[in-house]
Number of protein chains: 2
Amino acid sequence: MNILRNHIEKIITLTDEEFELIDSCFHSKKYRKKDLVIKETDFVSQVYFIVSGLMKLYIIDRDAKQHIISFSMEDWWETDYMAFYTESKATQFLQCLEDTEVLCLSFSDYQKLNEAIPKLEHFFLKKAIGGHIANQKRILSLLTLTAKEKYEQLLHSYPSLLQRIPKTVLANYLGVSRETLSRFFVESKKM
Amino acid sequence: MNILRNHIEKIITLTDEEFELIDSCFHSKKYRKKDLVIKETDFVSQVYFIVSGLMKLYIIDRDAKQHIISFSMEDWWETDYMAFYTESKATQFLQCLEDTEVLCLSFSDYQKLNEAIPKLEHFFLKKAIGGHIANQKRILSLLTLTAKEKYEQLLHSYPSLLQRIPKTVLANYLGVSRETLSRFFVESKKM
């Protein structure tokens, strides 16, 4: 079955005609590892459904320091949501950590589809709630967890994701040095 | 006009019959300043539309330290969303900072209403997106802003809210002492 249809039908059921309309609004795009999908100040008009690959969403502060907001992989949706929903310019960067294939949906087609197939709003509501909860978990972890606890949380929630993230990138996400991260690896294997 | 109807009709239009059904699912509750609306480990079955008042959502870490996640006031929706949407136990606390009146909607009525009036999902989708974006802003501020910048962001985005939050609570939110917060006040008045 088509990957996108299968993904949507985990939440709502579609007729062939409905999926044909949905499918006609998405277009496929392939990126290479290290490609920037979104750059700060880009006008953001697309949301991306990830067919394969891995990306990181990050921000660069005034001291040119990079802060990783989140990772995203197969079956996840990603974009600079603040910019996408308000049809404005990016404040974030979205970059591929692996060769990545996405299906792009423009904001105008997103609106058009929701109007034509109202039950799609039920699907996107579930996705928005998922994003809201994931962000709340990230806030709680930033407020209360040590770097080691953040590492263990990631290991517990997304073991396969953890193996795919380059060590330098993971160290940046956790806010620790490569050496400290190596210690976490050794200690978690002893557990 | 009814406050709730007015609030919903900013996004979707309702017939009198539709609003009657919606209204029948909400019930009003009044809390006093300092009352706990949600306690950690409570089973969370309600989402709250705030008619009047002010609340803080917070977490207590293993060292009994309180971390404030967010504030909410009139016209906002609040609950422990992770617990509400997954029908599980609270990991957060919701407490009134002022006498507060809310309209409560249970998860089963939330589902019932969305089924009976599908366009309500459009309304809740807009609200979920708003929550998602607000949480993303909080993540960015935790990752990149100093306490003083967080104060200025709050002053700029929610000037009236800032005046209502007790100084000790605001100092906790910003992660600074009362003395440092007083310095921010003086400095921002000079600007």
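In this predicted model, one aromatic cluster is formed by A:F26, A:F49, A:W77, A:Y81, A:F84, A:Y85, A:F107, A:Y110, A:F123 and A:F124. Rings of Phe, Tyr and Trp (its six-membered ring) are paired when their centres lie within 6.5 Å, with planes under 30 degrees apart called stacked, over 60 edge-to-face and the rest tilted. Over all chains, the structure holds 34 aromatic pairs. One of them joins A:F84 and A:Y85, whose ring centres are 5.3 Å apart and whose planes meet at 65°, so this pair is edge-to-face. A:F84 has 1% relative accessibility and therefore counts as buried (under 20% relative accessible area, with exposed over 50% and partly exposed in between; 1.4 Å probe, protein chains only).

In chain B, the rings of B:Y81 and B:Y85 have centres 5.7 Å apart and planes at 20°, so they are stacked. These two residues are four apart in helix α3 (residues 81–85), about one helical turn, and both are buried. Helices (H or I, at least four residues) and strands (E, at least two) are DSSP runs numbered from the N terminus.

Charges also meet rings here. A:K56 lies over the face of A:Y58, 4.8 Å from the ring centre, and the charged end of B:K56 sits over the ring of B:Y58, 4.8 Å from its centre. The criterion is NZ of Lys or CZ of Arg within 6 Å of the ring centre and within 35 degrees of the ring normal.

Residues are numbered from 1 along each chain as its sequence is written, and chains are lettered from A and ligands numbered from 1 in the order written. Local features need pLDDT of at least 70 and side-chain atom pairs 80 or more, while totals for chains, interfaces and linings use all residues; side-chain values use heavy atoms, without hydrogens and water.
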